[in-house]
Amino acid sequence: MVKIKIDGIEYEVDEKKNLISAAKDVGVDIPFFCYHPKLSVVGMCRMCLIEIEGIPRLQVACNTKVTEGLSIVTKSDRVKEAREGTMEFLLANHPLDCPVCDKAGECQLQDNSFKEGKGNSRFTLEKRNIPQEEIGSNLIINHNRCIVCYRCVRFEEEMVGESNLGLFERGYHSIIGLAKEEPINHNYQGALADICPVGALLNHKTLFKSRVWWYKSEESVCTGCSTGCKTYTNVRDNKMFRYMPRIDEEKDQYFLCDKGRFNVEWLNTNRLFSFYKNGESSVSSTVLDEISEKISRSKKIAVIGGAHESDQNLKSIKESLSKLGVPFVTEARVSQEQYKEPEQVDFLYTTDKRPNTKGALDAGFVSTEGIDSIRSSAAKGEFDLIFVIKENVSEILAGVPSESIVILETNLTEDVAKAKYSVPIKAYSEQSGSFTNKKGWIQNFNKSMEAPKGLSSSAEIFSLLETKTLELRSNTREAAVGNR
């Protein structure tokens with residue numbers, strides 16, 4: 001830590017951080033466009049101009065190192081005039097189409113225009129007009145809104161490891177465009193739209209779907225893989241519209257991949273809300289009573305899956321199982337990727353497609369035998385009941401009689417029609433809890449959607465089965481005593 005002065009006030013800041021980030025930590029906001037903590041510094045936008053004591057000319061904060069005794073001014077008349085000039089140049093060709101721009105409400109250009117701009121423009125000539133282009137499988141670019149901050153180009157080269165975008169022409173004619181003939185097709189097109197500080201880069205999947213101020217947002221965690229990127233959920237009318245990255249500088253979390261970001265439709269459509277018996281809709285009392293009766297007569301049961309469930313649900317399920325008085329085995333690892341350290345597919349996405357494999361390991365929700373041995377035992381009929389929590393039964397238990405299978409699912413799948421019993425459960429977004437990611441970080445998520453009335457979580461289902469099974473046994477004992 002070092003001591004620096006900002007606008008005459010002394011602060012203690014982290015010397016390892018960029019000046020913009022260090023100032024933000026102590027509550028001083030320095031405006032910027034091209035700077036990003038995970039990208040190289042280029043100083044292209046000139047928005048972060050400041051005065052440094054002892055240096056006659058204004059300097060860019062993004063390229064100023066934090067050193068002991070540094071003294072800067074962020075609010076002088078010179079700084080204000082420079083920022084107003086920068087904003088005037090940036091807005092000279094920028095269209096005034098905020099009412100139809102998807103970035104409205106979360107646009108840095110809007111924010112900095114209000115805080116640092118003049119409020120009027122001396123530019124009276126006709127603004128340039130370049131046609132919008134599709135540059136990716138889920139990405140469009142509006143050249144008229146682009147301020148040439150170069151963030152997108154740097155992000156691709158430095159984080160994704162590709163060079164699809166480039167800066168072409170000079171001066172007034174400068175334009176960001178495709179550097180190749182093929183459109184962008186990587187896993188970070190959503191991140192490109194995020195990293196754009198204006199509405200130049202946008203995703204087709206979310207285009208014109210909703211205004212950002214209509215969303216109800218909660219802190220959450222991505223369920224797409226074991227990385228466990230922090231997110232904000234964006235919900236409107238109790239439907240999930242999108243996930244946005246929740247920045248955590250301490251844990252180096254800034255981005256989301258597309259596989260996790262756009263994985264929302266399963267929360268909104270084809271949900272399982274009814275109990276099923278033999279592939280047909282039934283009622284909860286019938287299904288749960290019959291399952292409880294089977295448990296009371298079982299010699300051994302298995303619970304497969306659970307790596308999609310929260311740490312709290314896994315702990316509660318194990319507690320309920322231990323009270324049933326029936327030997328049981330649990331195994332959350334149903335794929336080979338879960339039996340080893342997750343491998344990186346790219347800089348975020350991993351081979352383990354489940355968010356809580358590490359949490360299942362920590363909770364002891366795994367077996368010594370492994371899934372192959374359990375599958376073999378199941379095929380031999382060694383389990384009277386097999387509970388499968390949000391996993392593909394056809395793949396995991398191929399050849400196992402459906403009479404012994406109970407599915408706990410959030411969505412109506414083909415397996416629901418084949419299993420003996422199917423039980424609807426809440427999605428993660430309809431609960432609060434935590435996931436433990438591949439690094440062992442326990443990360444909390446908040447409830448962001450309202451579950452339909454009467455829908456239970458996986459833990460609540462096992463708690464109900466525990467209660468019903470114990471009551472059934474108690475009634476059976478009382479009846480036996482009465483008959484003596």
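These notebook entries record what I looked up in a predicted model of a single chain.

I began with the chain as a whole. I counted 14 helices and 22 strands. The C-alpha atoms fill a box of roughly 100 × 50 × 35 Å along the principal axes. Of the 484 residues, 52% count as buried. I then looked at the contacts with a separation of 6 or more, and 65% of them involve residues 24 or more positions apart. For the accessible surface I noted about 23,300 Å², with 48% of it belonging to carbon and sulfur atoms.

**Helix H11 and its surroundings**

I next asked which residues of helix H11 (residues 371-379) are buried. They are Ile 371, Ile 374, Ser 377 and Ala 378. Viewed down the axis of H11, the buried residues fall within an arc of 125°, so they line one face of the helix. I recalled the general rule here: an α-helix has 3.6 residues a turn, so residues three or four places apart point the same way. I also looked up what covers this buried set, and the cover includes strand E16 (301-305), strand E17 (328-331), strand E18 (385-389) and helix H12 (393-396). Just after H11, I found Gly 381 with a positive phi of about 80°.

**Helix H3**

In helix H3 (residues 108-116) I listed Leu 109, Gln 110, Asn 112 and Glu 116 as the buried residues. Helix H2 (77-92) is included in what covers them.

**Aromatic pairs**

I found 13 aromatic pairs in the structure. The pair of Tyr 215 and Phe 241 is tilted, at 5.6 Å centre to centre and 55° between the planes. This pair links distant parts of the chain, 26 residues apart: Tyr 215 is in the loop between strand E10 (201-202) and strand E11 (216-221), and Phe 241 is in strand E13 (residues 239-245). I checked the accessibility of both partners. Tyr 215 is buried, with a relative accessible area of 12%, whereas Phe 241 counts as partly exposed at 24%.

I then took up Tyr 428 and Phe 445, an edge-to-face pair at 5.8 Å centre to centre with 70° between the planes. Tyr 428 lies in the loop between strand E20 (421-424) and strand E21 (433-436) and Phe 445 in strand E22 (residues 442-445), so the pair ties together parts that are 17 residues apart in sequence. Both Tyr 428 and Phe 445 are buried.

Which residues do ring pairs link into a cluster? I noted Phe 155, Tyr 188, Tyr 254, Phe 255 and Phe 347.

**Salt bridges**

My search of the whole structure gave 25 salt bridges. In one of them the side chains of Arg 78 and Glu 51 meet at 3.3 Å, N to O. Arg 78 lies in helix H2 and Glu 51 in strand E3 (residues 49-52), so this pair ties together parts that are 27 residues apart in sequence. Arg 78 is partly exposed, with a relative accessible area of 40%.

I turned to Glu 460 and Lys 426, whose side chains form a salt bridge at 3.9 Å, N to O. Glu 460 is in helix H14 (residues 458-482) and Lys 426 in the loop between E20 and E21, so the pair connects parts that are 34 residues apart in sequence. I recorded Glu 460 as partly exposed at 37% relative accessibility and Lys 426 as buried at 17%.

Glu 450 and Lys 447 also form a salt bridge, at 3.2 Å, N to O. Here Glu 450 is partly exposed, with a relative accessible area of 45%, and Lys 447 is partly exposed at 34%. I noted as well that salt bridges with shared partners join Lys 17, Asp 25, Glu 249 and Glu 250 into one network.

Leu 167 lies in strand E8 (residues 165-168) and is partly exposed, with a relative accessible area of 33%.

Lastly, I looked up backbone angles. Asp 7 is not a glycine, yet has a positive phi of about 55°. Asp 7 sits in the loop between strand E1 (2-6) and strand E2 (9-13) and is partly exposed at 29% relative accessible area. Asn 270, also a residue other than glycine, has a positive phi near 55°. I placed Asn 270 in the loop between helix H7 (265-268) and strand E14 (275-277), where it counts as partly exposed at 47% relative accessibility.

Technical notes: Residues numbered from 1 in each chain as written. Heavy atoms only, no water. Helix = DSSP H or I, 4+ residues; strand = E, 2+ residues; numbered from the N terminus. Buried < 20%, exposed > 50% of the residue type's maximum accessible area, 1.4 Å probe, protein only. Phe/Tyr/Trp six-rings, centres within 6.5 Å; stacked < 30°, edge-to-face > 60°. Arc of directions from axis to C-beta. Contact = heavy atoms within 4.5 Å. Areas by Shrake-Rupley, 256 points an atom, 1.4 Å probe, with all protein chains shown as cover. Salt bridge = Lys/Arg side-chain N within 4 Å of Asp/Glu carboxyl O.
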